[in-house]
Amino acid sequence: MQKIRHDTQFGANIRMLRKSCKLTQGQVITQMQLMGHNISRETYAKIESGIANIKVSELLALKKIFRVELDDFFKNLSDRGTCQDIYFYRINGYTEEIEQF
């Protein structure tokens with residue numbers, strides 16, 4: 001099973017969007033819970049810190065709460081190191097680098 005890498009910029013984008021709405025983490029969590037999402041403040045803080053991944057359903061809830069487009073969550077993310085892993089393989093004594101998406 002392949003692990004998903006955490007991206008601190010993604011979490012920073014969520015934090016920036018929350019702050020631009022002048023909401024606290026507690027207020028966001030309350031709204032998410034009212035929408036049926038069982039999320040704790042600790043988990044939400046880890047998402048904003050880039051330590052934990054977010055579920056798609058939670059992301060869609062944040063989209064509604066912040067009244068933004070999905071693209072707003074992905075601003076300033078680079079392709080390298082966030083969406084792909086680098087693998088090396090050796091053939092006939094030569095080492096090649098490949099990118100896997």
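Author: A residue of this predicted model is called buried under 20% relative accessible area, exposed over 50% and partly exposed in between, with a 1.4 Å probe and protein chains only. Helices (H or I, at least four residues) and strands (E, at least two) are DSSP runs, numbered from the N terminus.

Reader: Which residues of helix α2 are buried?

Author: In α2, which spans residues 25–34, the buried residues are Q25, V28, I29 and M32. They share the same side of α2, because they cover an arc of only 100° around the axis; the arc is that of the directions from the helix axis to the C-beta atoms.

Reader: And what covers the buried residues of α2?

Author: The cover includes α1 (8–20), α3 (41–49) and α4 (56–66), where contact means heavy atoms within 4.5 Å.

Reader: Before we go on, what should I know about the numbering and the model?

Author: Residues are numbered from 1 along each chain as its sequence is written. The model is predicted, so local features need pLDDT of at least 70 and side-chain atom pairs count only at pLDDT 80 or more, while totals for chains, interfaces and linings use all residues; side-chain values use heavy atoms, with hydrogens and water left out.

Reader: Now the charged side chains. How many salt bridges are there?

Author: The whole structure holds 4 salt bridges, each being a side-chain nitrogen of Lys or Arg within 4 Å of a carboxyl oxygen of Asp or Glu. Side chains of opposite charge can pair when their charged atoms come close.

Reader: Which residues are linked in a network?

Author: The network of salt bridges links R15, R18 and E48. R15 meets E48 at 3.6 Å, N to O; this pair links distant parts of the chain, with R15 in helix α1 and E48 in helix α3, 33 residues apart.

Reader: Is E48 buried or exposed?

Author: E48 is buried, with a relative accessible area of 1%. R18 is buried as well, whereas R15 is partly exposed at 27%.

Reader: What about E42 and K46?

Author: Their side chains also meet in a salt bridge, at 3.6 Å from N to O. E42 and K46 are 4 residues apart in helix α3, so about one helical turn separates them. E42 is exposed at 54% relative accessibility, and K46 is partly exposed at 36%.

Reader: Switching to rings: how many aromatic pairs are there?

Author: The count is 2 aromatic pairs. Rings of Phe, Tyr and Trp (its six-membered ring) pair if their centres lie within 6.5 Å; planes under 30 degrees apart count as stacked, over 60 as edge-to-face and the rest as tilted. F10 and F74 form a tilted pair, 5.2 Å centre to centre with 45° between the planes.

Reader: Where do F10 and F74 lie?

Author: F10 lies in helix α1 and F74 in the loop between α4 and β1 (85–91), so the pair ties together parts 64 residues apart in sequence. F10 is buried at 12% relative accessibility, and F74 is partly exposed at 42%. The other pair, F66 and F73, is tilted too, because the ring centres are 6.4 Å apart and the planes lie at 35°. Both F66 and F73 are buried.
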